[in-house]
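Subject: Structure handover, helix packing

Hello,

The structure is below for your files. My notes on the helices follow it.

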Amino acid sequence: MQKLPAIQMDDQHSLYPELGEFLVSKGEELLEKLGLDKAVISLVLCDDPTIQEINRDWRQKDQPTDVLSFPQEEDPSEFEEHEDMPQFYGDIVISVETCARQAEEWKHTMEDEAIRLWIHGFLHLCGYDHQSEEETLEMRGKELELLEMI
């Protein structure tokens, strides 16, 4: 069976053309370090109007956001049943416009903000959430751990 690319990207913006390649490279590096050699993730880079439409349609929040995630499986541990098959984790959608604003606001690079958003989205695909203070602290700790890996 031919191996699928770990990260399948749809780059729908033109603000930072090199950003997609950077995220694919860093995302694949992280997946490899985590031992997720069969993982497949869809990554969409878009503008604020596009992510606002998705946010409105799927979360009933009519506003742009930085990142959205759509897990393929509710419980990623189910992948163990099909060890020889690609493991489709789901979709991560990042607004490049919001990413740029946040990078400027927090005074770090566009790349640093983008990989932070990718990791945040990836953790949602892995079942993490931040609906409570306890969940938020756990997810933030995991984000920092994964950032240190790359």
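The crossing of α1 and α4 is right-handed, that is, the near helix is turned clockwise from the far one by less than a right angle. This is a predicted model, in which local features need pLDDT of at least 70 and side-chain atom pairs count only at pLDDT 80 or more, while totals for chains, interfaces and linings use all residues. Residues are numbered from 1 along each chain as its sequence is written, and side-chain values use heavy atoms, without hydrogens and water.

Helix α1 (residues 19-33) and helix α4 (residues 110-125) pack at about 50°, with axes 10 Å apart; axes are lines fitted to C-alpha atoms over the stretch in contact, and angles run from 0 to 180 degrees between N-to-C directions. Contact (heavy atoms within 4.5 Å) involves residues including F22, L30 and L31 of α1 and I115, W118 and F122 of α4.

α4 also packs on helix α5 (residues 133-149), at an angle of about 125° and with the axes 10 Å apart. That crossing is right-handed too. Among the residues in contact are I115, I119 and L123 of α4 and M139, L146 and L147 of α5.

In α2 (residues 48-59), D48, I51 and N55 are buried (under 20% relative accessible area, 1.4 Å probe, protein chains only). Seen down the axis, the buried residues of α2 fall within an arc of 70°, so they line one face of the helix. Their cover includes β2 (39-46), β3 (67-71), β4 (87-95) and α3 (96-105).

Regards

Terms used. Helix = DSSP H or I, 4+ residues; strand = E, 2+ residues; numbered from the N terminus. Expected span 1.5 Å × (residues − 1). Buried < 20%, exposed > 50% of the residue type's maximum accessible area, 1.4 Å probe, protein only. Arc of directions from axis to C-beta.
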